Amino acid sequence: MKILVRNLARNTTEEELHKLFSAHGTLQSCTLVMDKETGESKGFAFIEMPKVGEVKVAIRALNGIDLDGNKIRVKKAEDKVADEKAEK
């Protein structure tokens with residue numbers, strides 16, 4: 001299950017996110033989205049966790065916490081295909 005993490009400080013690292021989320025379960029992947037031109041963080045990331053129960057615990061525990069001076073937002077990532085169909 002994929003999680004979207006938003007409002008990240010530009011200096012937050014993938015390692016920090018990995019450590020934060022792995023405290024709540026098993027991670028399949030942790031991807032901090034970077035700007036291709038500048039190489040800087042775009043301020044959001046995607047986390048993938050295989051167990052739905054662990055995802056729910058992580059979202060409840062981490063949504064709204066202060067990380068590197070920013071109050072982060074954590075929620076289930078929406079499926080792009082479903083979003084595109086809903087727009088039509």
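This is a short tour of a predicted model, from the whole chain down to two residues.

**Before you click**

Residues are numbered from 1 along each chain as its sequence is written. In this predicted model, local features need pLDDT of at least 70, side-chain atom pairs count only at pLDDT 80 or more, totals for chains, interfaces and linings use all residues, and side-chain values use heavy atoms, with hydrogens and water left out.

**Whole chain**

Show the cartoon. The protein has 3 helices and 6 strands. Helices (H or I, at least four residues) and strands (E, at least two) are DSSP runs, numbered from the N terminus. From that end, the order is β-α-β-β-α-β-β-β-α. Of the 88 residues, 30% are buried (under 20% relative accessible area; exposed is over 50%, partly exposed in between; 1.4 Å probe, protein chains only). Among contacts (heavy atoms within 4.5 Å) between residues at least 6 apart in sequence, 61% join residues at least 24 apart.

**The sheet**

Select β1, β2, β3 and β6. They form an open sheet of 4 strands, ordered β2-β3-β1-β6, with antiparallel pairing. Two strands pair if DSSP finds at least two bridges between them. The edges are β2 (29–34) and β6 (73–76), each pairing on one side only. The twist averages 20 degrees from one strand to the next.

Zoom in on β1 and β3 (residues 41–48). This antiparallel pair has 4 bridges. Valine 5 stands opposite alanine 45 in β3.

**The helices on it**

Axes are lines fitted to C-alpha atoms, for helices over the stretch in contact, and angles run from 0 to 180 degrees between N-to-C directions.

**Arginine 6**

Select arginine 6, in strand β1 (residues 2–6). Arginine 6 is partly exposed, with a relative accessible area of 41%. Leaving out residues up to four places away in sequence, arginine 6 touches Gly43, Phe44, Ile72 and Arg73.

**Glutamate 54**

Finish in α2 (residues 52–62), at glutamate 54. Glutamate 54 is buried yet has no salt bridge (a side-chain nitrogen of Lys or Arg within 4 Å of a carboxyl oxygen of Asp or Glu). The nearest side chain of opposite charge, lysine 51, is 4.1 Å away. Lys and Arg count as positive, Asp and Glu as negative; His and the chain ends are not counted. Now label threonine 26: the glutamate 54 side chain reaches its backbone nitrogen at 2.9 Å.

Terms used: Polar contact = N/O pair within 3.5 Å; in protein donor to acceptor, adjacent residues only side chain to side chain.
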